[in-house]
Amino acid sequence: MISDMAKRPAWFYNEYQQIGTDFEDPAQVATYYRNQTSSTTESEQALVAQLNIRPGHTVIDFGCGAGTFAIQAALAGGRVEAVDISQTMLTNAQKQAVAAGVQTQIQFHQAGFLTYEHKAAPVDVIVTKLALHHLPDFWKLAALLRMAAMLKQGGSLYLQDVIYSFNPVEYRPHIQAWIEQAVVTDDAGWARRDFETHVREEYSTFSWILEGMLQRAGFKIIEAEPVSSVWAVYLCQKV
Ligand SMILES: C[S@@+](CC[C@H](N)C(=O)[O-])C[C@H]1O[C@@H](n2cnc3c(N)ncnc32)[C@H](O)[C@@H]1O
């Protein structure tokens with residue numbers, strides 16, 4: 001919780017500050033989910049199947065947002081810790097979990113990568129989609145180290161995010177081309193200004209930096225899929 005920040009050293013990153021998109025604003029959250037296609041019931045069902053989540057499995061979803069993945073993981077029999085800094089997101093997710101009848105299988109936590117305290121046994125799977133870019137690189141590594149400590153030996157980390165794999169020399173045309181093709185609306189939530197804000201104020205980084213961090217945090221990269229030059233998916237195993 002936010003009051004926990006007071007117990008941390010003065011140099012500790014405040015991950016509760018909203019950088020870029022404001023996921024506490026119910027209007028922004030509503031338009032974001034109206035326009036996005038990256039977390040649908042079908043895509044999250046496919047991810048649950050890919051990760052082979054089944055009864056008895058334990059899962060943490062960092063940056064769970066509206067809870068679509070967490071709910072599908074729970075419907076497959078998993079027990080889920082759904083973690084997000086945004087109370088607005090968590091309230092939405094809780095309502096969806098009740099509607100799906102899985103509220104007893106999901107624990108919701110208003111916390112983040114750097115502040116969530118995992119009190120139970122290490123888990124089988126950690127998922128984080130479109131959230132790690134909210135941390136600067138130094139703190140991404142701190143977050144990955146914490147995730148490794150929460151995962152069973154041999155457990156899986158699935159990471160999806162805006163991650164750059166273009167030639168750095170060509171950053172300007174690649175960023176511009178991404179924004180041109182990604183904009184789906186003129187209002188908020190996947191609008192031009194959201195992508196511009198993402199690049200200017202959030203902390204998406206290069207694949208070679210993130211891969212170095214994953215390895216240093218104790219993960220073996222099993223699959224690395226650059227979905228495009230600005231979007232990547234990693235399936236990793238804790239070694
Ligand atoms: C773009 S949304 C993605 C939500 C969800 N994973 C999905 O795929 O739909 C990013 C989420 O990360 C959350 N977030 C931002 N910073 C965070 C942090 N430091 N720790 C955990 N969650 C964070 C935001 O509140 C928001 O719900």
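Biologist: What volume does the second largest cavity have?

Modeller: In this predicted model, the second largest cavity has a volume of about 40 Å³. Residues that line it include Leu 132, His 133, Lys 140 and Asp 161. By class, its lining divides into 5 nonpolar, 3 polar and 2 charged residues.

Biologist: How many cavities of 30 Å³ or more does the structure hold, and how much space lies in the largest cavity?

Modeller: There are 2 cavities of 30 Å³ or more. The largest cavity holds about 740 Å³ of space. Its lining comprises 46 residues, with Phe 23, Leu 130, Ala 131, His 133 and His 134 nearest its centre. The class division is 23 nonpolar, 16 polar and 7 charged.

Biologist: Which helix gives the most to the lining of the largest cavity?

Modeller: Helix H7 gives the most, with 3 residues. Elements that each supply at least two residues include helix H1 (26-35), helix H3 (68-75) and strand S4 (123-129).

Biologist: Why is the pair of Phe 138 and Trp 139 called edge-to-face?

Modeller: The structure holds 12 aromatic pairs. In the pair of Phe 138 and Trp 139, the centres are 5.0 Å apart and the planes form an angle of 80°. Rings pair if their centres lie within 6.5 Å, and planes over 60 degrees apart count as edge-to-face; therefore the values of 5.0 Å and 80° make this an edge-to-face pair.

Biologist: Are Phe 138 and Trp 139 buried or exposed?

Modeller: Phe 138 has a relative accessible area of 61%, and exposed means over 50%, so Phe 138 is exposed. Trp 139 has a relative accessibility of 10%; buried means under 20%, so Trp 139 is buried.

Biologist: Which parts does the pair of Trp 178 and Phe 195 tie together?

Modeller: Trp 178 and Phe 195 form an edge-to-face pair, 5.3 Å centre to centre with 80° between the planes. Trp 178 lies in helix H6 (residues 171-182) and Phe 195 in helix H7 (residues 192-201), so the pair ties together parts that are 17 residues apart in sequence. Trp 178 is buried, at 6%, and Phe 195 is buried, at 8%.

Biologist: Which helix gives the most to the lining of the largest pocket?

Modeller: Helix H6 gives the most, with 5 residues. About 270 Å³ of space lies in the largest pocket. Of its 14 lining residues, Tyr 164, Tyr 171, Arg 172, Ile 175 and Val 199 are the closest to its centre.

Biologist: How many charged residues are in the lining of the second largest pocket?

Modeller: That lining has no charged residues, but 8 nonpolar and 5 polar. The volume of the second largest pocket is about 170 Å³. Trp 178 is among the residues closest to its centre.

Technical notes: Residues numbered from 1 in each chain as written. Predicted model: local features only at pLDDT ≥ 70, side-chain atom pairs only at ≥ 80, totals over all residues. Heavy atoms only, no water. Phe/Tyr/Trp six-rings, centres within 6.5 Å; stacked < 30°, edge-to-face > 60°. Buried < 20%, exposed > 50% of the residue type's maximum accessible area, 1.4 Å probe, protein only. Helix = DSSP H or I, 4+ residues; strand = E, 2+ residues; numbered from the N terminus. 1 Å grid on protein atoms, 1.4 Å probe; cavity = no way out; pocket = protein on both sides within 12 Å on 5 of 7 lines; lining within 4 Å. Points joined across faces, edges and corners; volume = space filled by probe spheres on them. Nonpolar A, V, L, I, M, F, W, Y, C, P; charged D, E, K, R; others polar.
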